Amino acid sequence: MQDIANDFTGRGNGYAIIIRENGSPVELLYVPEYQVGVYVTEDANYPYYYQVTNYGKSFRLAPEDMIHIRNISLDGIVGLSPIQVHKLTFDSAESINEYNKAFMDNATSISGILSTDKKLKKETVDDLRKNFGSKFGGSSNAGKTPVLSEGMQYQQLKAVSPLDADYIANRKLNKSDIAEI
């Protein structure tokens, strides 16, 4: 059964056919991973089957007639090789970094509000809405201090926004996943 373990750890799937006599299992027959195909069906009773090809001969097996040891699986049917798993880790890290960069470059996180006791003209409100985000939003404006006029006050809402906390968690997760590889 060492061959199954090698296929599982190196290719993501290990297979052995269950040989039965009078309905009872009597033997396991190793099948190299490259000789087995897994095919999804529309049949609710058998949602997938195994196609084994050996020395030019091909036959189908139902799931109950095959021992199938899977590595991490995206569909619950076929396992991924360690290289495929690591590729997904790097792809995920890259996607998260791209999203976070776009967020930091383009977004204004609502971390506070502007308020005043005075009645503001419509033009003043429109100007604040239009310009505040462009002057104080995004990573290039981080840490800038707004100068407020007309009795306006800034009130901080949260020390760390949920988006910022998620960003920090994603960065830690990416680093540890990549370090494990």
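**Close-up views of a predicted model**

View 1. Lys-122 and Asp-126 form a salt bridge in which the closest N and O atoms are 2.8 Å apart. In this predicted model, both residues belong to helix H3, which covers residues 122-136, and they are four residues apart, about one turn of the helix. Lys-122 is exposed, with a relative accessible area of 60%, whereas Asp-126 is partly exposed, at 34%.

View 2. Lys-87 counts as exposed, its relative accessible area being 52%, while Asp-91 is partly exposed, at 30% relative accessibility.

**View 3. A salt bridge between helix H1 and a loop.** The structure holds four salt bridges, and this view shows the one in which the side chains of Arg-11 and Glu-33 meet, at 3.7 Å from N to O. Arg-11 lies in helix H1 (residues 2-11) and Glu-33 in the loop between strands E2 (24-31) and E3, so the pair ties together parts that are 22 residues apart in sequence. Arg-11 is partly exposed, with a relative accessible area of 42%, but Glu-33, at 18%, is buried, since the limit for a buried residue is under 20%.

**View 4. An aromatic cluster of three tyrosines.** Tyr-15, Tyr-48 and Tyr-50 together form one aromatic cluster, and the structure holds three aromatic pairs. Tyr-15 and Tyr-50 make an edge-to-face pair, with 5.8 Å from centre to centre and 75 degrees between the planes. Because Tyr-15 lies in strand E1 and Tyr-50 in strand E4, this pair ties together parts that are 35 residues apart in sequence. The ring centres of Tyr-48 and Tyr-50 are 5.7 Å apart and their planes stand at 85 degrees, so this pair is edge-to-face as well. Tyr-15 and Tyr-50 are both buried, and Tyr-48 is buried too.

**View 5. The largest nonpolar core.** Eleven residues make up this core, among them Tyr-15, Tyr-48 and Tyr-50, together with others including Ile-17, Leu-61, Met-66 and Ile-77. Strands E1 (13-21), E3 (36-40) and E4 (48-54) are the elements that give two or more residues to the core, and the largest share, three residues, comes from E4. In soluble globular proteins, nonpolar side chains tend to be buried together. Leaving aside residues up to four places away in sequence, Tyr-15 touches several other residues, including Val-31, Val-36, Val-38 and Met-66, and Glu-33 is also one of its contacts.

View 6. Leu-28, Ile-67 and Ile-69 make a nonpolar surface patch of about 220 Å². Ile-69 belongs to strand E6, residues 66-70, and is partly exposed, with a relative accessible area of 37%.

**View 7. The chain as a whole, for orientation.** The chain has four helices and eight strands, and 24% of its 181 residues count as buried. Its accessible surface comes to about 12800 Å², of which 54% belongs to carbon and sulfur atoms. Among contacts between residues at least 6 apart in sequence, 51% join residues at least 24 apart.

Conventions
Residues numbered from 1 in each chain as written. Predicted model: local features only at pLDDT ≥ 70, side-chain atom pairs only at ≥ 80, totals over all residues. Heavy atoms only, no water. Core = buried A, V, L, I, M, F, W, Y, C linked by side-chain atoms within 4.5 Å. Buried < 20%, exposed > 50% of the residue type's maximum accessible area, 1.4 Å probe, protein only. Contact = heavy atoms within 4.5 Å. Patch = residues over 30% accessible without salt bridge, like charges linked within 9 Å, V, L, I, M, F, W, Y side chains within 5 Å. Areas by Shrake-Rupley, 256 points an atom, 1.4 Å probe, with all protein chains shown as cover. Phe/Tyr/Trp six-rings, centres within 6.5 Å; stacked < 30°, edge-to-face > 60°.
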